[in-house]
Amino acid sequence: MFFRKNVVFLSKQPVRMVISLKRKAIQSLIEWKNSLDRKPLVLKGARQVGKTWLMKEFGKTHYKNYVYFNFDEEDALKSIFESNKNPQRIIDLLSFIADEKIVPNETLIIFDEIQECPNALNSLKYFKEKANTYHVIAAGSLLGTLLSQPKSYPVGMVNILNIYPLTFDEFLEATEPTLSKYYSSIIKEQNIEEIFHNKFLDAYNYYLIVGGMPECVHSWITYKDPKKVSKIQNELITIYENDFSKHNGKVNSGRILMVFRSIVSQLSKPNEKFIYGAVKTGGRARDFEEAIEWLVTAGMLNRMYNISKPEHPLSAFDILDSFKLFLFDTGLLKYMAGIDNSAILLKSDYQFKGALTENFVLQQLQSQFEAKPRYYATKNMEIDFIIQNNTEIIPIEVKAGEEKSAPSFKKYIANNSPEHAIRFSKRGYKKDGAITNIPLYLASKLIELL
């Protein structure tokens, strides 16, 4: 069955709630649309982070119209790409199917679940080479695992945009619009009045519980019921674990599941370093490295390497067999760890508090800087995060409460004299000697505050 305007095929899946959340990724999509060297765009990200909604919202608000094709729901679509390599012929056939004229520069063409049709993914290079006036955007579940294999897609012929769960500032805009306006106005070294500081801390605590998955955020806005959020989180975990066996390719699905389920116990250790033997007694790198790589490229886990030197460029000093693994969404990690909401809301100490806080900070930082965050651990010290801002190397300490800096952080500063040294905590925003204390809730604004 077809619609005449915008959406092509009726979904065979249960209809979920319509989610209207403002996403910063829209600005990246606008920049892509206006780029003179634009290529077909591929969105990467874990399942249910909002890729489909983003594509449709972008088509609705920034084009005269859009056409939407889902390769998972309509197998017949695949035949178009099996026998045609001429992009104009493909466009003509898609126009017939959509019953909608596809106009260069005016119609957004959306290919969803494109991993189900490798020929369609490969066709993106023809659009780049022969029909670049057509604007094409594609996404798919676990597409990252496919894009990690260069032979599987047109290398150099597409732009890639990573899509993540909502960051704290996006969450705040969705849940507390008035407070969000004040948040947006915060500038470097600004005094934040105590009444607003406390409101932001409350919102931060809610974010730890709800996380950034769009459906969870929408449920929280609609019902303010933590049990409903937990139910959705449980469903999402089940969906992900089912995906491991369905879309794992040549990687052992049982090992993927074992690594995924070990994340809470791995992060519960004092130094949080990933230990293969903690997944399975006697486990070695060769047993689980493929499973880890699969989870990382699928967008399910964030890997943070230890470095041998805190120098530019950080990637040159990665210790490849020394790393930590964090979950891509803090709310899901909180659910998997079984942390009671009261432990967070009543500001009590609990075993997993530090790890959950670090997961939050990493989730906020990863999209702000081109180089991925690292950490620095030696026999004598450990720095929670090391980030690279252009050529500057910035040490970051994370405190879950209002504690002051650890001796190792002060020692690092004394030895390296960094231009910026950041401590994230629940204390107010202020300069404390060589250290700038930034409230945890401002982690998603760090690049603006440097």
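Modeller: What follows is a close look at that pocket and its lining.

This is a predicted model, in which local features need pLDDT of at least 70 and side-chain atom pairs count only at pLDDT 80 or more, while totals for chains, interfaces and linings use all residues. Residues are numbered from 1 along each chain as its sequence is written, and side-chain values use heavy atoms, with hydrogens and water left out.

The second largest pocket has a volume of about 1,300 Å³ (on a 1 Å grid over the protein atoms alone, a pocket is an open set of points where a 1.4 Å probe fits, with protein on both sides within 12 Å along at least five of seven lines, and lining residues have an atom within 4 Å of a point; the volume is the space filled by probe spheres set on the points, which are joined across faces, edges and corners). Of its 50 lining residues, Asn162, Tyr164, Gln366, Ser367 and Gln368 are the closest to the centre. Among the elements that give two or more residues to this lining are α1 (25–34), α13 (285–297) and β5 (159–162), but the largest share, five residues, comes from β6 (helices are DSSP runs of H or I with at least four residues, strands runs of E with at least two, numbered from the N terminus). By residue type, the lining divides into 19 nonpolar, 16 polar and 15 charged, where Ala, Val, Leu, Ile, Met, Phe, Trp, Tyr, Cys and Pro count as nonpolar, Asp, Glu, Lys and Arg as charged, and the others, Gly among them, as polar.

Turning to another site, Gly433 sits in the loop between β12 (430–432) and β13 (435–439), and Gly433 is exposed, with a relative accessible area of 57% (exposed means over 50%, buried under 20%, partly exposed in between, with a 1.4 Å probe and protein chains only).
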